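Let's take a quick tour of this structure, one piece at a time. Have the picture open as you read.

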Amino acid sequence: MQNEKVTQYIVNWLKDYAVKANMEGFVVGVSGGIDSAVTSSLCASTGLRTLCVEMPIHQGPNQVARGKEHIAQLKKRFANVTDCTVDLTPVFESFKEQAPLTTDDQFLDLSLANTRARLRMSTLYYFAGLHRYLVAGTGNKVEDFGVGFYTKYGDGGVDLSPIADLMKSEVYKIAEVLKVPESIMNAAPTDGLFGDSRTDEDQIGASYDELEWAMKMQDEGKTKSDFTGRESTVFELYTRLNRANQHKMNPIPVCEIPGLLRE
């Protein structure tokens, strides 16, 4: 991949889209992870106003520190970048006090994690509405179109997706061009939605390199029977998640009324 040319292509695409939509700039949720760092850097590189929003909810100190480091260096390099912090922890705790809880920890943990993502989506659209900004998505190709590793109407609720055609490994290559801090480059990817130290690999059960491989194999028409050992396990995991999460990747189904019933 021609890293510098791809980077500039995305920057031009972002700016062209915003100008044609008659919008003033972008708002990006910055988490301290590689995807949000790359996305916010791309938006900043357009020269249009870029608002970086930190939205901690019981966030780990390391994640917060990485996010602040990234925003600080971005503001030094780009005069069009501003930032703010909205502490959503009290909002999240208030929601838990009002919502009926279940004793099933498995579903409760996941439901609350998704609630965190949806609170953040609402916050980003609040700022987007105030300033005529576009909400820039931070999902990469493996997450968005491979295993569906995102929250429907949470981090999946965006106006445009600048890095959704990039594999995770390609995101890192773009990050080098954009001079993303080493602390973020070296950190294990995590969605930070559970309030603990679990990584994306812990949740999914495979590394991004393995998932990229499985995605490529599926595109080539391979099946589980073509593999053994760890490759077979990863391919089965990938295809299972891909099938289960099609509801996130496909348009919302519409019940179309037959013409005869309208007569």
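## The sheet

Before we get going, a word on pairing: two strands count as paired if DSSP finds at least two bridges between them. Also bear in mind that you're looking at a predicted model.

With that settled, here's the sheet. It is open and built from four strands, in the order β3-β2-β1-β4, and the pairing is parallel. At the edges you'll find β3 (81–85) and β4 (133–135); each has a single partner strand, so one side of each is left without a neighbour in the sheet. Going from one strand to the next, the twist averages 25°.

## How the strands link up

Zoom in on strand β2, which covers residues 49–54. Five bridges join β2 to β3, and the two run parallel.

## A well-covered strand

Is β1 mostly covered or mostly open? It's mostly covered, with five of its five residues buried. That goes for both faces: Gly-25, Val-27 and Gly-29 are buried on one side, and Phe-26 and Val-28 are buried on the other.

## Helices across the sheet

Which strands does helix α2 lie across? This helix (residues 34–44) lies across β1 (25–29), β2 and β3, and runs at about 165° to β1.

Then there's helix α3, made of residues 61–77, which lies across β2 and β3. Its direction is at about 160° to β2.

## Out on the surface

Now for the outside. Tyr-9, Trp-13 and Tyr-17 form a nonpolar patch on the surface, and together they have about 350 Å² of accessible area. Trp-13 sits in helix α1, which spans residues 3–20. Why does Trp-13 count as partly exposed? Because its relative accessibility is 35%, and partly exposed is the band between under 20% (buried) and over 50% (exposed).

## A stop in a loop

Last, find Ala-188, in the loop between α8 (182–185) and α9 (200–204). Ala-188 has 47% relative accessibility, so this residue counts as partly exposed.

How far apart are Ala-188 and Met-249? In sequence, they are 61 residues apart; in space, the separation is 25 Å, C-alpha to C-alpha.

Technical notes:
Residues numbered from 1 in each chain as written. Predicted model: local features only at pLDDT ≥ 70, side-chain atom pairs only at ≥ 80, totals over all residues. Heavy atoms only, no water. Patch = residues over 30% accessible without salt bridge, like charges linked within 9 Å, V, L, I, M, F, W, Y side chains within 5 Å. Areas by Shrake-Rupley, 256 points an atom, 1.4 Å probe, with all protein chains shown as cover. Salt bridge = Lys/Arg side-chain N within 4 Å of Asp/Glu carboxyl O. Buried < 20%, exposed > 50% of the residue type's maximum accessible area, 1.4 Å probe, protein only. Axes fitted to C-alpha atoms, helices over the stretch in contact; angles between N-to-C directions. Contact = heavy atoms within 4.5 Å.
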